[in-house]
Amino acid sequence: MLIQEKPLHHWIDNFYGYGSWQAKMWFVGYEEGGGDLPEEVADRINYFHSTYPAAQPTLCDVRALYRNITFRAEGPKAGLYTNRYDYRFSNNAVQHGVWKNLIAFKCGYRNEVLPDLLAYQKEFLALPSAQQEALIPLYPLPSPHNHAWYYSWLDLPQFGFLKSRALYQDRVYPDRVRTILTRIAAYKPEVVLMYAMNNINALKASVLEFFPTAKFSMVKAVKQQIPQHHRADLDDTILLVTTQLPALRHNRVETGFDWYAFGKRVMAGAQG
C-alpha cells in the first residue's frame with residue numbers, strides 16, 4: 001500500500017504548511033495543493049513523518065520537502081524535472097500562479113518595489129531562516145485543482161471520515177482552525193490573509209469565538225483591483241478573509257485582481 005496509516009495520521013494532525021511561525025506575513029490557503037497521484041501523496045507524508053516526527057503543529061521547509069517529491073507530470077515537461085524542487089526552485093523553475101500574487105501582496109503592504117517575482121519565489125519565499133512568510137493550508141491533505149476527491153478509495157478502516165470531502169472537513173476543521181488561531185494569538189503576525197475560502201461564515205464565527213472583542217468589516221471589491229474581503233483587527237494582527245484565489249481563472253485577465261494594490265490598501269487602512 002502506497003499510503004500508510006502512521007504517516008497519513010501524522011500528516012493530518014501535524015502538517016501546517018511551510019515557512020516559520022515567527023513570520024510577520026501568514027498566507028492561509030483553503031487546502032494543500034497537489035495530490036493528483038497516490039505516489040505523490042506518499043512521497044509527501046512519508047518524508048514529513050520521518051523528518052518531523054514530533055506530534056506538534058509543524059511548518060516545514062518547502063524546498064527540502066519538494067526535493068523528496070518525484071516529478072511525475074506527463075507531456076513536454078516530463079523529462080525536464082526530477083522532483084518538485086526542480087519544478088519550483090531550480091534555475092529552470094516555473095512561476096507559481098498563486099505564489100507570485102502573494103509575494104506582490106506582501107511587497108505592496110510593505111510599500112516595497114515589486115521584485116522579480118520568480119527570483120523571489122526561488123530564493124526567498126517561505127524560507128524558514130528568513131522568517132518572512134508562512135504558507136498554511138486550512139485543510140492539510142493535498143488536493144488537485146479540479147476538486148476531485150481521491151481519498152475515498154483508501155482501504156484504511158480507521159480513516160472512514162476520508163470517504164467524502166465533507167466528512168473529512170467536518171472532522172479536521174475544529175482542531176485546525178483552533179490551532180491556527182492559537183498560533184496567531186501567540187506569535188502575533190502583522191497580517192494573516194486567508195484566501196480562496198468558501199466557508200467564510202464558519203471562519204468568522206470561529207474567530208469571534210476565539211477573539212470575542214474582534215469585529216469584522218466587509219470591504220467591497222474594486223474590479224481588477226481589490227478583491228472583496230472581510231477584515232478584523234486582532235490586537236496586533238490584521239486578519240483578512242476572502243473567497244478570491246490569488247490567480248487568474250482560465251488565464252483570463254478580467255478575472256484577476258492587483259494583489260500589490262491590495263497590499264497597499266490594507267496598509268493604508270492600518271495607518272488610517
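Q: In α1, which residues are buried?
A: We're working from a predicted model here, and in this setting buried means under 20% relative accessible area. The α1 residues on that list are Pro 7, Leu 8, His 10, Trp 11, Ile 12 and Asn 14.

Q: What covers the buried residues of α1?
A: The cover comes from both helices and strands, each named by its place along the chain. Included in it are β1 (15-19), α2, β3, α3 and α7.

Q: Roughly parallel or roughly perpendicular: how do α1 and α2 lie to each other?
A: Two packed helices are described by the angle between their axes and the distance between the axes. Here the axes of α1 (residues 5-14) and α2 (residues 38-51) come within 8 Å and cross at roughly 80°. Angles of 65 to 115 degrees count as roughly perpendicular. So for α1 and α2 the word is roughly perpendicular.

Q: Which residues make the contact between α1 and α2?
A: Start on the α1 side, where Lys 6, Pro 7, Leu 8, His 10, Trp 11 and Asn 14 take part. Among these, Trp 11 and Leu 8 are also buried residues of α1. Their partners on α2 are Arg 44, Ile 45, Asn 46, Phe 48 and His 49.

Q: How many aromatic pairs does a search of the whole structure find?
A: Rings count as a pair if their centres lie within 6.5 Å. Ring pairs even link up into a cluster, with Trp 11, Phe 48 and Trp 99 among its members. Across the whole structure, the search turns up 27 aromatic pairs.

Q: Stacked or edge-to-face: what kind of pair do the rings of Phe 71 and Tyr 81 form?
A: Planes over 60 degrees apart count as edge-to-face. The ring centres of Phe 71 and Tyr 81 are 5.2 Å apart and the planes sit at 65°, so this pair is edge-to-face.

Q: Where do Phe 71 and Tyr 81 lie, and how many residues apart are the parts they tie together?
A: Both Phe 71 and Tyr 81 are buried. Each lies in the loop between α3 (62-67) and α4 (84-89), so the pair ties together parts whose separation in sequence is 10 residues.

Q: Which residue forms a salt bridge with Arg 165, and how many residues apart are the two?
A: The partner is Glu 31, with the closest N and O atoms 2.9 Å apart. Arg 165 is in helix α7 (residues 165-187) and Glu 31 in strand β2 (residues 25-31), so you're looking at a link between distant parts of the chain, separated by 134 residues.

Q: Buried or exposed: what are Arg 165 and Glu 31?
A: The cut-off for buried is under 20%. Arg 165 comes in at 17% relative accessibility. Glu 31 has a relative accessible area of 18%.

Q: Buried or partly exposed: what is each partner in the salt bridge of Arg 231 and Asp 233?
A: The side chains meet at 3.3 Å, N to O. Arg 231 has 13% relative accessibility, so it counts as buried. Asp 233 has a relative accessible area of 46%, so its label is partly exposed.

Q: Which residues do salt bridges that share partners join into one network?
A: The structure holds 8 salt bridges. Those with shared partners join up Glu 32, Glu 40 and Arg 44.

Q: Where is Asn 111, and is its phi positive or negative?
A: Most residues other than glycine have a negative phi. Asn 111 sits in the loop between α5 and α6 (117-123) and is exposed, with a relative accessible area of 54%. Its phi, at about 60°, is positive.

How values were computed:
Residues numbered from 1 in each chain as written. Predicted model: local features only at pLDDT ≥ 70, side-chain atom pairs only at ≥ 80, totals over all residues. Heavy atoms only, no water. Phe/Tyr/Trp six-rings, centres within 6.5 Å; stacked < 30°, edge-to-face > 60°. Helix = DSSP H or I, 4+ residues; strand = E, 2+ residues; numbered from the N terminus. Buried < 20%, exposed > 50% of the residue type's maximum accessible area, 1.4 Å probe, protein only. Salt bridge = Lys/Arg side-chain N within 4 Å of Asp/Glu carboxyl O. Axes fitted to C-alpha atoms, helices over the stretch in contact; angles between N-to-C directions. Parallel < 35°, antiparallel > 145°, perpendicular 65-115°, else oblique. Contact = heavy atoms within 4.5 Å.
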